[in-house]
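The entries below follow the order in which I looked things up.

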Amino acid sequence: LMRQSQRGLFGHEGTPPICAIPPVLVLHAYGGSLETAQGLVKAGQARDSFVAFGFSCKCPAKSAKVVRDLPEDRILLESDSDSGAGVLSELKKSCAWIATARGTKPENVAAFTRRNAEKCFQM
């Protein structure tokens with residue numbers, strides 16, 4: 001049986017955990033439900049949990065609800081592009097999409113996702 005301990009996760013009864021609890025949890029290219037995202041953000045014994053959205057995820061309608069209803073301090077921007085210009089272009093599109101979903105300005109999204117990235121990656 002799986003169990004959770006103070007020192008880690010995923011150890012069998014009577015054996016030490018096989019992995020440590022991560023300091024930060026980032027859900028990359030998230031396309032799941034709001035309920036799952038909220039549960040993962042709240043549940044982790046991780047220091048912080050963030051949900052990342054990128055334009056390459058095709059931004060389905062389900063993701064718009066997740067972006068709208070998640071606390072802003074849990075949202076990150078991401079890009080799968082491998083070129084500098086491509087990254088910037090994708091991040092701008094993602095920022096605009098999140099702003100539309102949340103009913104705010106892209107500048108506001110840029111500001112709070114920057115704060116979140118700085119916190120997440122200890123910059």
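**Entry 1: α2 against α3.** I began with the packing of α2 and α3, whose axes are 8 Å apart and meet at an angle of about 75°. This is a predicted model, so I read each value as a property of the prediction. Since 65 to 115 degrees counts as roughly perpendicular, α2 and α3 are therefore roughly perpendicular to each other. I then listed the residues in the contact: α2 gives S63, A64, V67 and R68, and α3 gives W97, I98, A101 and R102. Sorted by class, the contact of α2 with α3 has five nonpolar, one polar and two charged residues.

**Entry 2: the buried side of α2.** Which residues of helix α2 are buried? I found S63, V66 and V67 in the helix, which spans residues 61-69. Viewed down the axis of α2, these buried residues fall within an arc of 95°, so they line one face of the helix. I noted the background for this: an α-helix has 3.6 residues a turn, so residues three or four places apart point the same way.

**Entry 3: A101.** I moved to A101, which is in helix α3. Leaving out residues up to four places away in sequence, A101 touches A64, V67 and R68. I also checked A101 against S63: the two are 38 residues apart in sequence, and their C-alpha atoms are 9.1 Å apart in space.

**Entry 4: I98.** I98 is another residue that I looked up in helix α3. Is I98 buried or exposed? Its relative accessible area is 0%, and a residue under 20% counts as buried, so I98 is buried. What does I98 touch, if residues up to four places away in sequence are not counted? I listed F53, V67, I75, L77, V109 and F112. For I98 and A64, I noted a C-alpha to C-alpha distance of 7.5 Å at a sequence separation of 34 residues.

**Entry 5: α3 against α4.** I next took helix α3 (residues 84-102) with helix α4 (residues 106-120), whose axes come within 8 Å and cross at roughly 110°. By the range that I used in the first entry, 65 to 115 degrees, α3 and α4 are therefore roughly perpendicular to each other. By class, the contact of α3 with α4 has eight nonpolar, no polar and one charged residues.

**Entry 6: S94.** S94 is also placed in helix α3. With 1% relative accessibility, S94 counts as buried. I compared S94 with A110, 16 residues apart from it along the chain, and their C-alpha atoms are separated by 9.8 Å.

**Entry 7: Q122.** I looked past α4, where Q122 lies in the segment after the helix. Q122 is not a glycine, although it has a positive phi of about 50°. I recorded Q122 as exposed, with a relative accessible area of 59%.

**Entry 8: the whole chain.** The protein has four helices and five strands, in the order β-β-β-α-β-α-β-α-α along the sequence. Of its 123 residues, 33% are buried. Among contacts between residues at least 6 apart in sequence, I noted that 52% join residues at least 24 apart. The accessible surface comes to about 7400 Å², and carbon and sulfur atoms hold 58% of it.

Terms used:
Residues numbered from 1 in each chain as written. Predicted model: local features only at pLDDT ≥ 70, side-chain atom pairs only at ≥ 80, totals over all residues. Heavy atoms only, no water. Axes fitted to C-alpha atoms, helices over the stretch in contact; angles between N-to-C directions. Helix = DSSP H or I, 4+ residues; strand = E, 2+ residues; numbered from the N terminus. Parallel < 35°, antiparallel > 145°, perpendicular 65-115°, else oblique. Nonpolar A, V, L, I, M, F, W, Y, C, P; charged D, E, K, R; others polar. Buried < 20%, exposed > 50% of the residue type's maximum accessible area, 1.4 Å probe, protein only. Contact = heavy atoms within 4.5 Å. Areas by Shrake-Rupley, 256 points an atom, 1.4 Å probe, with all protein chains shown as cover. Arc of directions from axis to C-beta.
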